[in-house]
Amino acid sequence: MRRALAEAEAAAARGEVPVGAVVVGAGGELLAADHNRREEDQDPSAHAELLAIRSAAKQAGSWRLEGATLYVTLEPCAMCAGAIVLARIRRLVFGASDPKAGFCGSLGDLVRDRRLNHRVEVVAGVLADEGGGLLREFFARLRKDEAPDL
């Protein structure tokens with residue numbers, strides 16, 4: 001999770017929402033690490049999780065990431081939760097919950113939906129204060145920069 005936090009810090013330094021993700025293979029090897037790049041890539045799907053999953057699949061030589069663990073600093077949204085299930089990731093470890101868009105326990109729980117052919121083990125709240133703090137600081141700075149001078 002520390003590596004995912006470093007990715008989130010890199011995102012913030014580039015003006016991106018500070019979310020980082022890391023995929024670790026079944027043998028404990030680092031397969032991929034990335035951060036949000038929606039602004040840089042002008043791509044609404046350039047979330048840290050999707051970018052890391054894509055890179056991990058290339059590194060592993062398979063779209064099936066069975067046995068892999070995804071570490072992410074913020075609870076994944078519905079799009080990312082769907083990708084996690086489709087990639088057959090075994091375990092998701094995330095930091096801060098996302099009550100506005102999280103789909104791994106907050107708004108819904110796609111990764112553990114019994115109607116799907118694959119369910120993901122979820123560990124929530126790991127280093128949540130650190131990941132949440134990065135997000136709060138980022139958005140506070142954004143609001144301050146957008147505030148009109150009076």
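1. The largest pocket holds about 550 Å³ of space. A pocket here is an open set of points on a 1 Å grid over the protein atoms alone, where a 1.4 Å probe fits, with protein on both sides within 12 Å along at least five of seven lines. Its volume is the space filled by probe spheres set on the points. Keep in mind that this is a predicted model, where local features need pLDDT of at least 70, side-chain atom pairs count only at pLDDT 80 or more, and totals for chains, interfaces and linings use all residues. Residues are numbered from 1 along each chain, and side-chain values use heavy atoms, without hydrogens and water.

2. Who lines this pocket? There are 21 lining residues (an atom within 4 Å of a point), and Val17, Leu74, Asp98, Leu135 and Phe139 lie nearest the centre. By class, the lining has ten nonpolar, four polar and seven charged residues. Helix α5 (residues 128-146) gives the most, with five residues; helices are DSSP runs of H or I, at least four residues.

3. Now look at helix α3 (residues 48-60) and helix α4 (residues 78-86): they pack at about 20°, with axes 9 Å apart. That makes α3 roughly parallel to α4, a label for angles under 35 degrees.

4. Where do they touch? Glu49, Leu50 and Ile53 in α3 meet Met79, Cys80, Ala83 and Ile84 in α4, contact being heavy atoms within 4.5 Å. That contact has six nonpolar, no polar and one charged residues.

How values were computed: Helix = DSSP H or I, 4+ residues; strand = E, 2+ residues; numbered from the N terminus. Nonpolar A, V, L, I, M, F, W, Y, C, P; charged D, E, K, R; others polar. Axes fitted to C-alpha atoms, helices over the stretch in contact; angles between N-to-C directions. Parallel < 35°, antiparallel > 145°, perpendicular 65-115°, else oblique.
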